[in-house]
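Please keep the sequence and the structure in view while reading.

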Amino acid sequence: CRSVAILSQPWNHLVQTKRDIHHPTTMAKSSSSAAEEYNDTRYHYDHLTSPLPIPGLFHDFALPAKLLRLARDRNDFPADVVFANKDRDDVTTDDVISNFYDLLDKVEAYLTDPSSSQQHKLNATQQTKFLIEVEGLDGSGKTTLVKRLQETLPHAIATKTPSSGLLADIRPLWDKRGGILARAFYMISNYVLEYEIVTGYYEQYDVIIIDRWYASTCGYTVARPPKNDSSNTLGSGEEEEQRIPNIGDMPDKMFDWPTDLRLRPNILLVLQIDHSTRQKRVDNRASSTATTGGGEGGGAPSRFNPWDERLAKDIALGERILEALHRVRGPDETYTINANNSIEDVARQALDIVKLPMERHLNPQDHFASNPLGWWKYMGQNLQLCDESGERMHRALWNLQVSYNSSKSSNGSSSSSSGSSIPILKTVGLDRIDTNFVYYWTASSAFPCNESFIWASI
């Protein structure tokens, strides 16, 4: 099996080869040159994806977009697909397909836009939105938790990948096609969500709760890669088994968040559940609904979801997926929640986890009203100047100025107002920040600080 041969090669070599060949700059090719490449019969799916460390494990937008466009140019679509909008007489199959590829073009244009205005939108989104990604196996209560968080958290909206609308319309086509093209579709859906968030689909909301995002794409692919798709025949939607190494033996780079997927979760919640409890919930769900669904990790109640059957037959598969989800590197913080308990208990655990980080992100100056150095450290982390411990991340001199809106009265009490005079914390060459000391890289000295310390010039 060619895919097994690929997986047996050294990891570091594979990761480097993939990044060299599929650099994001390839997205800028003209449509004419791309069409010539797609029409070249040498470019079968397996040839394009052979450098990947694991079949279907994409780490950028360019390659999955190329595969999906190649499928269009080869008319590589199954004929017997029931689309989500089948009840609408005014929408044809051709419309669904055309709308999807129009969206693909818009997302690519967004990703390759070098303008300062686009960067400003992205920066503003990162500062003003709090993103919560909820992950777990089918039957772990993930979708129920997402709904509960939306109902409880202020100014919150729930969404998912693939999101509703155009992606929901065409999803049955890629689920039916299966194989590497299905994985390409789910990879692209991660970028569509960023595009929707940054371009204002959720402008009126502060908190966005996401039912599956890139962590699922990575975790499910690593745990169960798709089959080799070298033939020109249509896939059945079912994927053959692959022999893969242990999740723990894979290098960290395999689990990195894509660099061109610039939005990342502030919090990743992974629901941990016993196999017997999960299977009981899935069986109850199957007996109470006949709704169709499926695809990567499911996501909708369905007794036809292929992942239900796969997880029922292979307990180790679920364990591999959960292990991979915990290894994804990109979210600011990752937490495990015991999902064996009631939804009330699961929701309470989740709310206890997200409350403090959400307050800190959306209202940082109020959160750090009595902790100026904490505010200083937090801003340093946001600027990637220091890590979570406060240690400098690189040896370059810092030149950091941070405003702080708290002051101390003469009797030692604290007063804070967003409209009050704002002291400035300044530093050049700072080596470490924590709540008790400031360490200098230049002098290797330190001085103590307490709550009355409201500004510094170093």
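The model is predicted. Two packed helices are described by the angle between their axes and the distance between the axes.

**Helix α5 against helix α10**

- Helix α5 covers residues 62-73 and helix α10 covers residues 179-198; their axes come within 9 Å and cross at roughly 125°.
- Because of this angle, α5 is oblique to α10.
- The crossing of α5 and α10 is left-handed.
- On the α5 side, the contact is made by Pro 64, Ala 65, Leu 67, Leu 68 and Ala 71. On the α10 side, it is made by Ile 180, Leu 181, Ala 184, Phe 185, Met 187 and Ile 188.
- By class, the contact of α5 with α10 holds eleven nonpolar residues, no polar residues and no charged residues.

**Helix α10 against helix α11**

- The axes of α10 and helix α11, which spans residues 214-223, come within 9 Å and cross at roughly 155°.
- With that angle over 145 degrees, α10 therefore counts as roughly antiparallel to α11.
- The crossing of α10 and α11 is left-handed.
- Arg 183, Tyr 186, Met 187 and Asn 190 of α10 meet Tyr 214, Thr 217, Tyr 220 and Thr 221 of α11.
- The contact of α10 with α11 comprises four nonpolar, three polar and one charged residues.
- Met 187 of α10 takes part in the contact with α5 and also in the contact with α11.

**Helix α6 against helix α9**

- Helix α6 (residues 93-111) and helix α9 (residues 166-177) have axes that come within 9 Å and cross at roughly 115°.
- This angle makes α6 roughly perpendicular to α9.
- The crossing of α6 and α9 is left-handed.
- From α6, the residues that meet α9 are Val 96, Ile 97, Asn 99, Phe 100, Tyr 101 and Leu 103. Their partners in α9 are Leu 166, Leu 167, Asp 169, Ile 170, Leu 173 and Trp 174.
- In the contact of α6 with α9, ten residues are nonpolar, one is polar and one is charged.

**The largest pocket**

- Rolling a probe the size of a water molecule over the atoms shows where empty space is left.
- The largest pocket holds about 1,400 Å³ of space.
- Its lining consists of 36 residues, and those nearest the centre of the pocket are Asn 266, Asp 332, Gln 381, Asn 382 and Gln 384.
- At least two residues of the lining come from each of α7 (116-128), β1 (130-136), α15 (343-362) and α17 (372-382).
- The most is given by α7, with seven residues of the lining.
- The lining of the largest pocket divides into 15 nonpolar, 13 polar and eight charged residues.

- Most residues other than glycine have a negative phi, and most peptide bonds are trans.
- His 155 is not a glycine, yet it has a positive phi of about 55°.
- His 155 lies in the loop between α8 (142-152) and β2.
- Thr 161 and Pro 162 are joined by a cis peptide bond, with omega about -10°.
- Pro 162 is placed in the loop between β2 (156-160) and α9.

Technical notes. Residues numbered from 1 in each chain as written. Predicted model: local features only at pLDDT ≥ 70, side-chain atom pairs only at ≥ 80, totals over all residues. Heavy atoms only, no water. Axes fitted to C-alpha atoms, helices over the stretch in contact; angles between N-to-C directions. Helix = DSSP H or I, 4+ residues; strand = E, 2+ residues; numbered from the N terminus. Parallel < 35°, antiparallel > 145°, perpendicular 65-115°, else oblique. Left-handed = near helix turned anticlockwise from the far one by under 90°. Contact = heavy atoms within 4.5 Å. Nonpolar A, V, L, I, M, F, W, Y, C, P; charged D, E, K, R; others polar. 1 Å grid on protein atoms, 1.4 Å probe; cavity = no way out; pocket = protein on both sides within 12 Å on 5 of 7 lines; lining within 4 Å. Points joined across faces, edges and corners; volume = space filled by probe spheres on them.
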